[in-house]
Amino acid sequence: MAIEFLEWLAATPLSSGLRRSALVYMAVNAAHILSIGLLIGAILPLDLRLVGLFGSVPLAAIGPFLSRAAAIGLAGAVITGFALFSVKPIEYAGNPAFLAKLGLLVLGIANAALVHTQAAWKRAVLGTAPTFGLRLQAGVSAAVWISAILAGRWIGFI
């Protein structure tokens, strides 16, 4: 069943359009890189602030903004990443680095969702010092997103 979906995806107009036009592929790839930049550029400063660095910067001021910016970057990266995946879906689906990247993305998204449902996040954004648990989740977040970037770079080398 999965192979049929991947074959179907490879035959879609999206996939064939990206394969036929180097300019379109380049634009989607650039949008993917920019989206990743927005995601990482927002989430790492937020994670670093939560673990205790940059203590003079009020979390109440930057927390909601950086969180939303990271979400926008993530949405852009997922959309453009799916488009890029469609070019060679069978090849990517068998690539261990791609599979690692997907697992890390799921872990990063689950961690972010968990953080945002906790009272500790809401209190921290209102000005209370982050709890140990929230600090730990921020450290995990930073490690997971950096690892996802590394896994993504690894895709082309195996």
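## The second largest pocket

How much space lies in the second largest pocket? About 170 Å³. A pocket here is an open set of points on a 1 Å grid over the protein atoms alone, with protein on both sides within 12 Å along at least five of seven lines; a volume is the space filled by probe spheres set on the points, which are joined across faces, edges and corners.

This is a predicted model, where local features need pLDDT of at least 70, side-chain atom pairs count only at pLDDT 80 or more, and totals for chains, interfaces and linings use all residues. Residues are numbered from 1 along each chain as its sequence is written, and side-chain values use heavy atoms, leaving out hydrogens and water.

## The largest pocket

The largest pocket comes in at about 920 Å³. It has 33 lining residues, and His32, Leu84, Lys101, Gly152 and Ile155 sit closest to its centre. The lining splits into 23 nonpolar, 6 polar and 4 charged residues (Ala, Val, Leu, Ile, Met, Phe, Trp, Tyr, Cys and Pro are nonpolar; Asp, Glu, Lys and Arg charged; the others, Gly among them, polar).

## The cavity

There is 1 cavity of 30 Å³ or more, a cavity being a set of points where a 1.4 Å probe fits but cannot get out. Ile43, Asp47, Ala112, Val115 and Ser141 are the closest to the centre of the largest cavity, and helix 6 gives the most to its lining, with 5 residues.

Terms used
1 Å grid on protein atoms, 1.4 Å probe; cavity = no way out; pocket = protein on both sides within 12 Å on 5 of 7 lines; lining within 4 Å. Helix = DSSP H or I, 4+ residues; strand = E, 2+ residues; numbered from the N terminus.
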